[in-house]
Amino acid sequence: MENILKFPESTMLRRIVSKVAFYRKLTVGSRIRQHFVDDLVSLTWIYKLAPSVLNVEKGEDVEEIVVFLALLKNKEYHKDVFQLIDKQLPRHVLFLLRYEEEYCLLLNYKERMAARGGNKFRILQTFASEWMRADALRLPLQGQTMDLVYENLAGFVSGYGTAAREDMKRMIELAAERQKKSRQLEAKRRKMSSERQVNRQQELYSEVRQLSEEVNILCEKMAQYQRQH
């Protein structure tokens with residue numbers, strides 16, 4: 001198999017993974033089971049990133065990172081398929097999605113739910129890159145520990161450029177607040193466009209301006225945080 005991500009040869013694998021193993025317990029006819037059938041052609045384990053092959057220290061939270069190549073039936077896909085796979089694996093995962101001759105990187109950013117050494121994780125955010133041709137794939141392996149390797153991968157795929165857990169979590173918080181304010185802003189705009197009373201229109205206009213300013217401030221905070229880190 002081609003070394004599509006240009007990782008060290010020692011990290012390469014080629015193991016077909018049964019997709020049925022991930023959804024066999026789901027009810028026939030369930031939405032996510034149907035997404036598996038509709039979206040996914042095959043799943044192949046193509047890289048294993050571990051201290052022994054990367055010559056880095058074991059992380060406190062990240063022991064190894066597995067990379068799966070997911071061949072898709074359509075360019076549009078459902079993220080819940082890859083979230084379900086990830087939730088069933090007691091390790092960190094990076095997905096390389098392929099549709100025809102284009103690729104997309106997908107990473108479910110997650111953290112341990114239990115004390116150090118536990119194998120329960122929760123997904124904080126799902127990140128996906130733009131679709132690109134094979135020659136445009138660039139994914140640097142950086143960091144002296146597995147924790148830092150993972151954080152750099154997450155910072156790259158998300159587009160945030162972060163390299164530390166606290167920075168990523170702060171960006172996730174800011175992005176969530178921006179999304180919440182943006183939804184409120186769109187709701188107020190719709191309400192204002194349908195309002196017939198002049199006084200109420202003026203009130204809604206003031207609320208729209210305030211929310212718009214708050215969204216802009218959050219966008220600037222995110223941009224500033226990225227520049228600083």
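Mentor: Arg122 is placed in strand β6, where strands (E, at least two residues) and helices (H or I, at least four) are DSSP runs numbered from the N terminus. With a relative accessible area of 41%, Arg122 is partly exposed, the class between buried (under 20%) and exposed (over 50%), for a 1.4 Å probe and protein chains only. Its C-alpha atom is separated by 6.5 Å from that of Arg112, ten residues away along the chain. The model is predicted, so that local features need pLDDT of at least 70 and side-chain atom pairs count only at pLDDT 80 or more, while totals for chains, interfaces and linings use all residues. Numbering runs from 1 along each chain as its sequence is written, and side-chain values use heavy atoms, with hydrogens and water left out.

Strand β6 (121–128) also gives two or more residues to the lining of the largest pocket, as do α5 (146–158) and α6. That pocket (an open set of points on a 1 Å grid, with protein on both sides within 12 Å along at least five of seven lines, and lining residues having an atom within 4 Å of a point) has a volume of about 190 Å³. Among its lining residues are Gln125, Thr126, Phe127 and Ala128, together with Val157, Ser158, Tyr160, Ala175 and Arg178. The lining divides into six nonpolar, four polar and one charged residue, where Asp, Glu, Lys and Arg count as charged, Ala, Val, Leu, Ile, Met, Phe, Trp, Tyr, Cys and Pro as nonpolar, and the others, Gly among them, as polar.

Two loop residues elsewhere complete the picture. Asn55, in the loop between α3 (51–54) and β3 (65–72), has a positive phi of about 60 degrees although it is not a glycine, and Asn55 is exposed, at a relative accessible area of 71%. Glu100, found in the loop between β4 (92–99) and β5 (102–112), likewise has a positive phi, near 55 degrees, in a residue other than glycine, and at 55% relative accessibility Glu100 counts as exposed.

Terms used. On a 1 Å grid over the protein atoms alone, a cavity is a set of points where a 1.4 Å probe fits but cannot get out, and a pocket is an open set with protein on both sides within 12 Å along at least five of seven lines; lining residues have an atom within 4 Å of a point. Grid points are joined across faces, edges and corners, and a volume is the space filled by probe spheres set on the points.
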